[in-house]
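Work through the exercises below with the sequence and the 3D structure at hand. Try each task before reading its solution.

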Amino acid sequence: METSHFASLTTTYSSDNPDTTCKRYTQLLHEYNDIKDVGQGLMGLLAEARGARQIEVEKEFGVSDEI
């Protein structure tokens, strides 16, 4: 991801137009989910390589399903 693109994702976005705001948040949610899927896939590969369960690897790295 480009640095400028990353910076735009981390800044607060506001608009007077509700449709624009909704579209932007939807886009950000999709990007978040894509990144989360990649992270979970990597945790799965690591767990498989170690012969461990994925939940054990997630705990080791401090990943939790709690919000």
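**Exercise 1: Exposure and salt bridges**

Glu 56 has a relative accessible area of 41%, so this residue counts as partly exposed. The model is a predicted one.

Task: Which residue forms a salt bridge with Glu 56?

Solution. The partner is Arg 53, and the closest N and O atoms are 3.9 Å apart. A salt bridge requires a side-chain nitrogen of Lys or Arg within 4 Å of a carboxyl oxygen of Asp or Glu. Arg 53 counts as exposed because its relative accessibility is 54%, and the cut-off for exposed is over 50%.

**Exercise 2: The length of a helix**

Task: What span should the 33 residues of helix 2 have at 1.5 Å a residue?

Solution. The expected span is 1.5 Å times one less than the number of residues. For the 33 residues of helix 2 this gives 48 Å, and the end C-alpha atoms are 48 Å apart, which agrees. At the N-terminal end, Asn 17 caps helix 2 with a side-chain oxygen 2.9 Å from the backbone nitrogen of Asp 19. Just after helix 2, Gly 51 has a positive phi of about 70°.

**Exercise 3: A buried arginine**

Task: Is Arg 24 buried or exposed, and which side chain does Arg 24 join in a polar contact?

Solution. Arg 24 lies in helix 2 (residues 18-50). Arg 24 is buried yet has no salt bridge. Glu 31 is the nearest side chain of opposite charge, at 5.0 Å, whereas the cut-off is within 4 Å. The side chain of Arg 24 does have a polar contact of 2.9 Å with that of Gln 27. Other buried residues of helix 2 include Met 43 and Ala 47.

**Exercise 4: A nonpolar patch**

Task: Which residues make the nonpolar surface patch of about 310 Å²?

Solution. The patch is made by Val 38, Leu 42 and Leu 45. Leu 42 is found in helix 2 and is exposed, with a relative accessible area of 54%.

Note on methods: Residues are numbered from 1 along each chain as its sequence is written. This is a predicted model: local features need pLDDT of at least 70, side-chain atom pairs count only at pLDDT 80 or more; totals for chains, interfaces and linings use all residues. Side-chain values use heavy atoms; hydrogens and water are left out. Helices (H or I, at least four residues) and strands (E, at least two) are DSSP runs, numbered from the N terminus. Buried means under 20% relative accessible area, exposed over 50%, partly exposed in between (1.4 Å probe, protein chains only). Lys and Arg count as positive and Asp and Glu as negative; His and the chain ends are not counted. A polar contact is a pair of N or O atoms within 3.5 Å; within protein, one must be able to donate a hydrogen and the other to accept it, and residues adjacent in sequence count only if both atoms are side-chain atoms. Patches are made of residues with over 30% relative accessible area and no salt bridge: like charges are joined within 9 Å, nonpolar side chains (Val, Leu, Ile, Met, Phe, Trp, Tyr) within 5 Å. Accessible areas come from the Shrake-Rupley method with a 1.4 Å probe; for residues, only the protein chains shown count as cover.
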